[in-house]
Amino acid sequence: LKSKGNKQGVAIFSRSRDGESVFRVGQLVIDQPPKEVAAQYWNWISRKDYDALNTQDSKILTEVSKSRRLVYLLGKPKPMISHRDFVFISQKIELPNNGFTFIQSSMPDAHPIVKDVVRADTWSVMDIRPIQKENQPPSSLCTYAIEVQVHGWIPSKAVDMASDEVPVGALAGIRDYLNKNKK
């Protein structure tokens with residue numbers, strides 16, 4: 001992985017991919033317990049509240065089980081990039097160390113195509129690990145890895161720039177949302 005620097009506190013890494021696929025990893029320590037971070041990430045309905053940078057709408061299409069959801073996400077259009085939407089299964093895994101892993105797998109045919117929107121594919125992992133420092137409240141080491149096939153024609157420079165925003169929106173967005181709405 002190649003470091004792309006730090007944006008809003010999120011360390012960004014990329015890997016070159018052939019064709020239209022892009023891969024990004026973001027990492028951030030969030031000063032909240034893993035259970036709080038995981039609850040916010042799992043709440044797909046509120047995705048647009050904390051990731052307004054990238055998300056126009058998000059909804060749960062089907063609650064498959066307590067730990068599996070079929071999700072629809074409509075991305076925000078970017079300069080030179082038209083609307084993209086995503087349909088995927090999100091799987092929540094509770095780890096024995098009080099951490100969480102979420103795995104998202106593209107399911108593009110599980111929901112009808114929307115007019116004037118390009119259906120993209122996404123595969124991602126959000127890993128939330130507990131960090132306990134002496135005399136400090138628990139924190140979370142969050143690592144978000146995502147691969148997207150954007151489909152359709154888009155200038156590669158535009159895809160590269162927009163791709164850096166995905167882990168920033170997810171990680172810094174959750175951090176800022178939780179800090180703002182702290183109980």
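## A polar contact at Gln-104

A polar contact is a pair of N or O atoms within 3.5 Å, and inside a protein one of the two must be able to donate a hydrogen while the other is able to accept it. In this structure, which is a predicted model, the side chain of Gln-104 makes such a contact with the side chain of Ser-90, at 2.7 Å.

Gln-104 belongs to strand β7, and because its relative accessibility is 2%, it counts as buried.

Strand β7, which covers residues 100–106, runs antiparallel to strand β9, residues 121–131, and six bridges join the two. Within this pairing, Thr-101 has Asp-127 of β9 as its bridge partner.

Strand β9 also pairs with strand β10, residues 139–149, again in the antiparallel sense, and here there are eleven bridges. In this second pairing, Leu-141 of β10 is the residue that stands opposite Arg-129.

## Ser-139 in strand β10

Ser-139 is found in strand β10, and it is classed as buried because its relative accessible area is 10%, where the cut-off for buried is under 20%. The side chain of Ser-139 makes a polar contact, at 3.2 Å, with the side chain of Asp-31.

When residues up to four places away in sequence are not counted, Ser-139 touches Val-29, Ile-30, Asp-31, Gln-32 and Pro-34, and also Arg-129, Pro-130 and Ile-131.

## The nonpolar cores

The largest nonpolar core holds 31 residues, and the members that touch the most other members are Tyr-41, Phe-102, Met-126, Ile-128 and Ile-174. Helix α3, which spans residues 156–180, gives the most to this core, contributing six residues. Apart from this core lies another one, made of six residues, among them Leu-70, Leu-74, Ile-89 and Val-117.

Ile-174 can be followed in more detail: leaving aside its neighbours within four places in sequence, Ile-174 is in contact with Ile-30, Val-37, Gln-40, Tyr-41, Tyr-50, Met-126 and Gly-169.

Note on methods. Residues numbered from 1 in each chain as written. Predicted model: local features only at pLDDT ≥ 70, side-chain atom pairs only at ≥ 80, totals over all residues. Heavy atoms only, no water. Pairing = 2+ DSSP bridges. Helix = DSSP H or I, 4+ residues; strand = E, 2+ residues; numbered from the N terminus. Core = buried A, V, L, I, M, F, W, Y, C linked by side-chain atoms within 4.5 Å. Buried < 20%, exposed > 50% of the residue type's maximum accessible area, 1.4 Å probe, protein only. Contact = heavy atoms within 4.5 Å.
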